[in-house]
Amino acid sequence: MRVLFASTRGAGHFGPLVPFLDAFTGAGHEVLVVGPPELDARGYPFRPGASPPEDVLGPIWASMGSIPPAQGEVVVVGTIFARLNVEAMLPTVRAAIEEWLPDLVLRESSEFASAVAADEFEIEHARVAVGLHTVEEGSLAFASPALEERRPGLVARIANTEFLTCWPESVDPRSGGVRRFREPLTQVATKPLPDWWHGDDRPLVYVTFGSVAAQLAPTAVVYERALEAMTEIDARVLLTVGVGANLELTRVPPNVHVERWVPQADVLGHAAVVVGHGGSGTTLGALAAGVPLVVVPLFADQPWNAARVAAVGAGIVAPIDGICAAVERVLGEESYAAAARRVAAEMREHPHVDEYVAERALRG
């Protein structure tokens with residue numbers, strides 16, 4: 001069978017599609033990824049579309065620092081994802097469906113052009129979750145005005161599609177209409193890290209604020225503040241800033257090593273705690289590996305993710321100025337690591353994505 005995958009540009013949005021891409025490819029099915037030209041499709045067959053004009057998109061992103069977070073989410077989802085991105089990508093997605101004739105469209109839940117095109121061509125489509133179910137449903141509501149203008153009734157049809165997620169029920173407590181699968185990081189293979197700390201064997205604290213925060217002036221300050229906090233912590237620290245970052249970090253403490261990017265899977269098997277912004281990829285990966293978190297939410301779905309981590313006891317929500325105390329507490333109290341391991345064990349009980357692929361093949 002042929003499966004068309006659709007994603008927006010961010011690594012955190014494309015990442016949830018990867019287990020499904022691997023599974024369909026491994027089973028001998030044909031796959032094709034469509035997305036904006038900036039998308040890193042990681043070597044999968046890729047048909048790039050277009051991005052919104054920078055003179056339109058730039059001012060919107062620049063305004064994010066001056067509006068409340070909740071209103072910012074409405075703008076990002078309702079204006080950028082559901083309107084501007086759809087206008088830019090829809091011609092490419094339509095052409096891909098018409099020419100390639102997929103049997104199924106799998107879209108990450110913030111990519112809406114593929115939902116519009118699949119609906120037009122009456123091709124079955126399903127949602128691969130980026131975040132928590134409640135957050136995803138809220139995002140669909142924010143997208144509703146733009147989508148309904150284009151295809152009346154589309155929002156209800158999207159809401160009735162399969163919802164595929166790797167989030168466990170303890171963290172994302174909803175059962176109806178949700179199909180859960182095993183997050184690959186539940187089986188992290190520990191590879192040796194470079195000896196950046198020259199024989200220091202203290203616990204490792206992994207600090208990452210994703211691939212976007214360093215590129216936005218209102219949130220880039222978190223890196224310097226995190227470095228200040230790490231000075232006081234009796235641990236090794238690995239701080240990653242993102243491939244596209246243009247930061248000039250000063251006063252890097254001797255216990256801290258800074259890299260642009262290190263594969264998360266290579267770090268989590270060594271980490272005693274993850275300090276992050278609550279992005280879905282970082283949070284889900286840490287929980288899958290059984291590593292507790294200190295979450296400093298910055299924007300988007302991050303406050304919701306942070307709240308759920310705290311609710312299951314697998315970490316602490318902290319302000320920027322509270323990072324040091326929060327890390328010391330998580331390192332010092334075994335309950336946080338134990339809770340993270342319980343969540344990881346729950347996630348290992350989920351079926352593998354391969355089961356979904358076999359089922360889809362039988363459906364035809």
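Tutor: Buried means a relative accessible area under 20%, exposed means over 50%, and partly exposed covers what lies in between, with a 1.4 Å probe and protein chains only. This is a predicted model, in which local features need pLDDT of at least 70 and side-chain atom pairs count only at pLDDT 80 or more, whereas totals for chains, interfaces and linings use all residues. Residues are numbered from 1 along each chain as its sequence is written, and side-chain values use heavy atoms, with hydrogens and water left out.

Student: What makes helix α10 (residues 280-288) largely enclosed by the rest of the structure?

Tutor: Helices here are DSSP runs of H or I with at least four residues, strands are runs of E with at least two, and both are numbered from the N terminus. Eight of the nine residues of α10 are buried, so the helix is largely enclosed. The buried residues are Ser280, Thr282, Thr283, Leu284, Gly285, Ala286, Leu287 and Ala288.

Student: Which elements do the buried residues of α10 pack against?

Tutor: Where contact means heavy atoms within 4.5 Å, the buried residues of α10 pack against β8, α9 (264-268), β11, β12 (293-295), α11 (302-311) and α13. After the helix comes glycine 290, whose phi is positive, near 75°.

Student: Why is threonine 8 called buried, and where is this residue found?

Tutor: Threonine 8 is found in the loop between β1 (2-6) and α1 (11-14). Its relative accessibility is 7%, and because that value falls below the limit for burial, threonine 8 counts as buried. Once residues up to four places away in sequence are set aside, threonine 8 touches His13, Pro36, Leu39, Phe81, Asn85, Glu108, Ser110 and Glu111.

Student: How do you know that the side chains of threonine 8 and glutamate 108 are joined by a polar contact?

Tutor: The distance between the side chains of threonine 8 and glutamate 108 is 2.6 Å. A polar contact is a pair of N or O atoms within 3.5 Å, where within protein one must be able to donate a hydrogen and the other to accept it, and residues adjacent in sequence count only through two side-chain atoms; the pair is therefore called a polar contact.

Student: How do you know whether proline 36 is buried or exposed?

Tutor: Proline 36 has a relative accessibility of 7% and therefore counts as buried, and this proline lies in the loop between β2 (30-35) and β3 (46-48). Beyond its neighbours within four places in sequence, proline 36 is in contact with Ser7, Thr8, Arg9, Phe46, Gly49, Ala50, Ser51 and Met89. The C-alpha atoms of proline 36 and glycine 10 are separated by 9.9 Å, although these residues are 26 residues apart along the chain.

Student: What makes serine 114 count as buried?

Tutor: Serine 114 has 0% relative accessibility and so counts as buried; its place is in helix α5. Leaving out residues up to four places away in sequence, serine 114 touches Ala6, Val93, Val105 and Arg107.

Student: Why are glutamate 122 and histidine 198 called exposed?

Tutor: Glutamate 122 has 73% relative accessibility and therefore counts as exposed, and histidine 198, with a relative accessible area of 70%, is likewise exposed. Glutamate 122 lies in the loop between α5 (113-121) and β5 (125-128), while histidine 198 is placed in the loop between β7 (178-180) and β8 (204-208). Phi is positive in glutamate 122, at about 55°, although this residue is not a glycine, and phi of histidine 198 is also positive, near 55°.

Student: How many disulfides does the structure hold?

Tutor: A disulfide is a pair of cysteine sulfur atoms within 2.5 Å, and the structure holds zero of them. Cysteine 166 is buried, with a relative accessible area of 9%, and cysteine 324 counts as buried at 17%.

Student: What lines the largest cavity?

Tutor: A cavity is a set of points, on a 1 Å grid over the protein atoms alone, where a 1.4 Å probe fits but cannot get out, and lining residues have an atom within 4 Å of a point. The structure holds one cavity of 30 Å³ or more, and about 50 Å³ of space lies in the largest cavity, a volume being the space filled by probe spheres set on points joined across faces, edges and corners. Arg107, Ser109, Phe112, Arg127, Glu136, Ser139, Leu140 and Ile158 line the largest cavity, and helix α6 (residues 133-150) gives the largest share of that lining, three residues.

Conventions: 1 Å grid on protein atoms, 1.4 Å probe; cavity = no way out; pocket = protein on both sides within 12 Å on 5 of 7 lines; lining within 4 Å.
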